[in-house]
Amino acid sequence: MSLAGGTVYNAREHGLRGDGVTNDQPALQALVDALGDAYVADGQPRVVHCPPGTYSIRDAGTVWRSGISLIGAGIGATRFVLSNEGNRVDPTPLAYFTTVQHGASRDNCITDATFASFEIDGSGVKLARYDYLAKGLGLQYVQRGRFRDLYIHDTAATGLGCDFLQDTMVEAVHVLRCGRLDTGQQMGGAGIGIGIGGWGESERLTVANCTAVGNGTNGIFLELQKPDWVPPRGIRIVGCHVEDNRFGISDWGAEGLIVSACTMIGNHEAGFDVSAQGTSGVAGRGGIVADCVIDANIIDGMSIGNTPGRYVVRGNRISRNGRYGYCEHNLARNPIPGREVVLDGNEIWENGLDGIRIDAGLTDGAIVNNRIRDNGRRSAGADSAAGETVSYTPTSVRDTGADWPVDGHRGKVVRIGHRTAVVATNTRTELLLAPVRPGATTAWTGGTPPAGERYELPDAPIRRAGITLASTTSDLTLRHNRVWDSQERKTQTHGLLVTGEGPHGSADIQDNDFACNAVAATRIETPEFA
């Protein structure tokens, strides 16, 4: 390909048509290769500018090159439509460069590349089985990269799935319904998924002002790629919105991740998750979550576990989640307790069961200065009915003969024969149900039941505390918390519940206010703690 001098190249003048009919992938690959060769020769980065149009990318992904940027005319104006009807085995990302396929490494990386101001539609990629490469963008080992003002939707795997991003910014990226072929048990399937660890102990990355809605696994996640790699520092997630994903934001292996000013709402398992579920089996540690709204997630607001600890959760609103506001857990049943987890100055209210629940070992933890109130909303008793008062929609159960306490069934599983659904919230006569998976239009596992069939709702747990210590703790600081129930119909049974599942070591408990709960200020079931 003959190239005129300059740094900006109009794609329409180099073989791409943008008419929505012509396969523009071969011309795009040829242009990227020619500009990539020129960059190798003179070190001068180039820009491929795609004017408004619909660019069909069919049957093959485009292997990217260093020094080449792809810039559109704006979301909706410049659209890349991915499809593979002529090659059903090819995952067909718009752009990719990986370790396995192309030898990507620290010494063979993509440098000085920007992807900005365009849309990727992945709905046309069909595969017989899930392939984690069926992304919108799938680059590994990127240095000084910029991903901004992008709209990526309906990809079979992760929307923006780029790994090992050094000195890179991901900003104003909207990812919607990505991971549509992920069953929930596959690798990837997220809105924004970033593998980490390839650059060593410091990876300087910022994810800012992004929106992730209805993605198959995570809205935004970081995942250490090898268990023997050092979890890297230097990563921030700021001002993002995650909604209706399996997990909202996940830390699966970073060191000192900063998450601030984000909203995490309506996610199916947790708004924010720290665990060892990633590829390496290594959880994040030493992170800070501050000034976020974590609201109405179907199970837990914050779920932190399998971590050596030193996490700080400060100044957040954690509210109206289906089970616990904050849950310290241990999926792997690791006998080593987490250390130095701090919950400081949070507003924790109207969660389905406990406001804070410590379900895994914790040493030198601190629960201080929190306001914890009106939790235990899942307080309604068991119920069952059938007949002319009962009807169903894809997302609700209606019983005109019921008189349920508002939100009293939050987080319960309602059963109608073999069908099940999860209650997100309820009025006095209607159960509003959570989608069966991210992006789904129905809540039912087996189709909408016919009117009149009998539903069954289980009973509520009898104890639903502001703070529950249900696992081994030692050297715990519990100070200056106010834990109460201000509702006319109180649902938070205790301010502090210490179960018999300890043992519990020494604790510094001072200046807490546990008054005005439904049953008692405290309930201590472990003699060592009394």
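Q: How much space lies in the largest pocket?
A: About 450 Å³, in what is a predicted model.

Q: Which residues are closest to its centre?
A: Tyr132, Gln140, Asp163, Met187 and Gln225, out of 25 residues that line the largest pocket.

Q: And which helix and strands each supply at least two residues of that lining?
A: Helix H2 (99–102) does, along with strands S11 (137–143), S14 (163–166), S16 (192–196) and S19 (218–224).

Q: What is the lining by class?
A: The lining of the largest pocket has 12 polar, 9 nonpolar and 4 charged residues.

Q: What about the second largest pocket, how much space there?
A: The second largest pocket holds about 360 Å³. It is lined by 20 residues, and those closest to its centre are His268, Glu269, Pro435, Val436 and Arg437.

Q: How does that lining split by class?
A: For the second largest pocket, 9 residues are nonpolar, 7 are polar and 4 are charged.

Q: Switching to the core. Which residues touch the most other members of the largest nonpolar one?
A: Leu94, Phe115, Leu137, Val170, Ile237 and Val259, in a core of 98 residues.

Q: Which helix gives the most to this core?
A: Helix H1, residues 25–42, with 5 residues.

Q: Back to Phe115, what does it touch?
A: Leaving out residues up to four places away in sequence, Phe115 touches Trp64, Leu70, Ala95, Leu137, Leu139, Arg146, Phe147, Arg148 and Leu150.

Q: What is in the second, separate core?
A: That core has 16 residues, including Tyr392, Ala402, Ile416 and Leu433.

Q: Now H1. What should it span, and how far apart are its ends?
A: With 18 residues at 1.5 Å a residue, H1 should span 26 Å. Its end C-alpha atoms are 26 Å apart, so the two agree.

Q: Which H1 residues are buried?
A: Gln25, Ala27, Leu28, Gln29, Leu31, Val32, Ala34, Leu35, Gly36, Ala38 and Tyr39.

Q: What follows H1?
A: Gly43, with a positive phi near 75 degrees.

Q: Last one, Thr263. Where does it lie?
A: Thr263 is in strand S24, residues 263–265.

Q: What is Thr263 in contact with?
A: Cys240, His241, Val242 and Val293, leaving aside neighbours within four places in sequence.

Q: And how far is Thr263 from Thr183 in space?
A: They are 25 Å apart, C-alpha to C-alpha, and 80 residues apart in sequence.

Terms used:
Residues are numbered from 1 along each chain as its sequence is written. This is a predicted model: local features need pLDDT of at least 70, side-chain atom pairs count only at pLDDT 80 or more; totals for chains, interfaces and linings use all residues. Side-chain values use heavy atoms; hydrogens and water are left out. On a 1 Å grid over the protein atoms alone, a cavity is a set of points where a 1.4 Å probe fits but cannot get out, and a pocket is an open set with protein on both sides within 12 Å along at least five of seven lines; lining residues have an atom within 4 Å of a point. Grid points are joined across faces, edges and corners, and a volume is the space filled by probe spheres set on the points. Helices (H or I, at least four residues) and strands (E, at least two) are DSSP runs, numbered from the N terminus. Ala, Val, Leu, Ile, Met, Phe, Trp, Tyr, Cys and Pro count as nonpolar, Asp, Glu, Lys and Arg as charged, and the others, Gly among them, as polar. A nonpolar core is a set of buried Ala, Val, Leu, Ile, Met, Phe, Trp, Tyr and Cys residues joined through side-chain atoms within 4.5 Å. Buried means under 20% relative accessible area, exposed over 50%, partly exposed in between (1.4 Å probe, protein chains only). Contact means heavy atoms within 4.5 Å. The expected span of a helix is 1.5 Å times one less than its number of residues.
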